[in-house]
Amino acid sequence: MSTKPTTTELEWTELDQRAVDTARILAADAVQKVGNGHPGTAMSLAPAAYTLFQKVMRHDPADPEWVGRDRFVLSAGHSSLTLYTQLYLGGFGLELDDLKSFRTWGSKTPGHPEYGHTKGVETTTGPLGQGVANAVGMAMAARYERGLFDPQAAPGTSPFDHMIYAVAGDGCLQEGISHEASALAGHQKLGNLVLLWDDNHISIEGDTETAVSEDTMKRYEAYGWHVQRVEQQENGDLDPKALYAALQAAKAVTDRPSFIAARSIIAWPAPHAQNTEAAHGSALGDDEVAATKRVLGFDPEQTFEVADEVLAHTRKALDRGREAKAAWEKDFSAWRTANPERAAEFDRINANELPAGWEDELPVFETGKGVATRAASGKVLQALGAVIPELWGGSADLAGSNNTTIDKDSSFLPVGNPLPEADPYGRTIHFGIREHAMAAAMNGIALHGHTRIYGGTFLVFSDYMRNAVRLSALMHLPVTYVWTHDSIGLGEDGPTHQPVEHLASLRAIPGLNIVRPADANETAIAWREIMRRHTKVFGKGAPHGLALTRQGVPTYERNEAAAKGGYVLFEAEGGPAQVVLIGTGSEVHVAVEAREQLQAQGVPTRVVSMPSVEWFEEQGQEYKDSVLPPSVKARVAVEAGIGLTWHRYVGDAGRIVSLEHFGASADAKVLFREFGFTPENVVAAAQESLASAAR
């Protein structure tokens, strides 16, 4: 099966042109009906979107999740109608009523495309530039997937060879994430990636001359991309034949990603709105919509006009998709016969199941020994990597600190890279100092499917990643963020590197699970639980963020209840608990030592380790009450960050030992002492809480 073009000649009929113009009118009508939206780009991009969906991409509208499909990413997600009109015309499941209900409650056509909400939408886009990085991640995942299942196949002959197409606007390329992601793609020589730039020179504030003067094409040449320019036709419209030729040429270049700059006029051919910033994000107005329909030969009195012959023509995509899938399945069947062991592995991974006995490989750590949870995480990763081939990942140039090297002898690097461990199908990803692109590329990898991805950096740099992390949660993606150096415990690097507000801030993201294990054994259980939660038995997935220590912490006996998010680590002695100490991460051992002092004073004290607030909140009320008895009003929470998380757990009589200011540059032990993270201070807080509860 070849992915190379057989011709650069495009068959383009009057019906094709009518279908493109229909897409334009549908975009204008949809925005006009709801009264808001972005019509202009959808109108000018209609020839490009139609050419991709009807003439270039390999997909089956009847099976939008077909493994062998090409992927399409609309990074310029505000122009969602660019995608929705093609999903309607191509027969993906959208109908005319869905376009009529654009941007309304319960609609299949929300303002920006949402993954899992509308068939044919491969990723949630809208925050500009995210889609570019998603597409880079998809292209990386496609290469790794090929390495898992068909590494020896000649280029273009594997059923796992497919293309990733992305469409970006000026805003996407102005956002810094596009630089990070595009530089990474060029370095990785992702020949299965094509990025089409809608070069319309318009942003919300007007002509892009207000903010941009760089030579974007030279920028992409400098990244190592194959670069082409597609000029307009004399009438100002995009030229589908030139676009098609450029796309076919891009597919033929397999040793680097391809960038196609397509000069367009926003809102073409609206007589007065074209080439204006107003057309970017506002309805054209009834008069302008009617005038545009006259220009294109449509009835200005009709809305959502779609000729039967046009729809019959575009819905032939269903027939082409069925044929393409049948041809692919023949090749796939031959591959299965020739590769029975890999086929069995494919079936397991495709079913989102883990290998039998994988949990037996998890290390159990010796109690009492001081181990940094980042180091424990590294050992767990290497153990899991030995039995879970689809698990891969890396770091934003901090692998030695994050302990994220799953295989030091195998780096995901393209053919031609001079490093001895370079392997196009390698296990360890070197994202470079590109935290934002790393997170968004991880989203793309997860969206592509068939692999399990993780990526690491320091917790403080989660700020650089936040928008992509938020989208991980919004899409329920099974990605794992390994965030180390999780507190002032990193010491001398000082307040610029010491996370203070980050744990509370990340816990505020709906659907993101933050896990801050107390010791090495909790770290192993956390990884096990994350891996289990990223299988089909848990239904909707969720991203996870592991917050891990730089410094060593005491190791306690393994307790399976850690997987519930909160549990009793040490029970009160000498009677029912009079006070409960709640800790996470490196502060748990401070709470344990404080308990010893309180017990010596005759105060029965319980210590609760709560590695994950989110997991704990999933438990039934009976279990939660068994851990935090409502009758015990004296409570102290201890965490080396702002205390925002803990007010709901300590109540009115409780106390919080927290850090409500930035850190300082000094040894970790000095900082913990100076900022009050000592057993003595926790004991004092407990005595205050006991006194308050007694009033």
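How many bridges join strand β19 to strand β21, and which way do the two run? Keep that in mind as you read these notes; the model here is a predicted one.

1. **The β19 and β21 pairing.** Here is the reply to the opening question: four bridges link β19 (residues 579-583) with β21 (residues 635-638), and the two strands run parallel. If you want a spot to look at, find V580, which stands opposite R635 in β21.

2. **The sheet around that pair.** Both strands belong to an open sheet of five, ordered β18-β20-β19-β21-β22, in which the pairing is mixed. At the edges you will find β18 (567-570) and β22 (655-657), each pairing on one side only. On average, neighbouring strands in this sheet are turned by 30° against each other, direction ignored.

3. **A helix across the sheet.** Now bring in helix α22, residues 588-600. This helix lies across β18, β19 and β20 (605-609), and runs at about 175° to β20.

4. **What else α22 touches.** Helix α22 also packs with helix α27 (residues 679-694), at an angle of about 60° and with the axes 8 Å apart. That angle makes α22 oblique to α27. The crossing of these two helices is right-handed. On the α22 side the contact is made by V590, E593, A594, Q597 and L598, while α27 brings P679, E680, V682, V683, A686 and Q687.

5. Go back to β18 for a moment. What is the arrangement of the rings of Y556 and F570? Their centres are 5.7 Å apart and their planes stand at 80°, so the pair is edge-to-face; the cut-off for that label is over 60 degrees. Y556 lies in the loop between β17 (552-553) and β18, whereas F570 is in strand β18 itself, so the pair ties together parts that are 14 residues apart in sequence. The model has 31 aromatic pairs in the count.

6. **The other sheet to look at.** Another open sheet of five strands has the order β1-β2-β3-β7-β6, and here the pairing is parallel. Why does one side of β1 (71-74) and of β6 (226-230) lack a neighbour in the sheet? Those two strands stand at the edges, each with a single partner strand, so one side of each is left open in that sense. Neighbouring strands here are turned by 15° against each other on average, direction ignored.

7. **Inside that parallel sheet.** Strands β1 and β2 (residues 164-168) pair in the parallel sense over four bridges. Look for L74, whose bridge partner in β2 is V167. Helix α9 (residues 216-223) packs on this sheet and touches β3 (193-199), β6 and β7 (258-263); its direction makes about 160° with that of β6. Helix α10 (residues 240-252) lies across β2, β3, β6 and β7, and runs at about 175° to β6.

8. **One more helix pair.** Finally, take helix α3 (residues 46-56) and helix α4 (residues 80-90), which pack at about 40° with their axes 10 Å apart. That makes α3 oblique to α4, and the crossing of the two is right-handed. From α3, the contact uses A46, A49, Y50, F53 and Q54; from α4, T82, L83, Q86, L87, L89 and G90. These contact residues divide into seven nonpolar, four polar and no charged.

Methods:
Residues numbered from 1 in each chain as written. Predicted model: local features only at pLDDT ≥ 70, side-chain atom pairs only at ≥ 80, totals over all residues. Heavy atoms only, no water. Pairing = 2+ DSSP bridges. Axes fitted to C-alpha atoms, helices over the stretch in contact; angles between N-to-C directions. Contact = heavy atoms within 4.5 Å. Parallel < 35°, antiparallel > 145°, perpendicular 65-115°, else oblique. Left-handed = near helix turned anticlockwise from the far one by under 90°. Phe/Tyr/Trp six-rings, centres within 6.5 Å; stacked < 30°, edge-to-face > 60°. Nonpolar A, V, L, I, M, F, W, Y, C, P; charged D, E, K, R; others polar.
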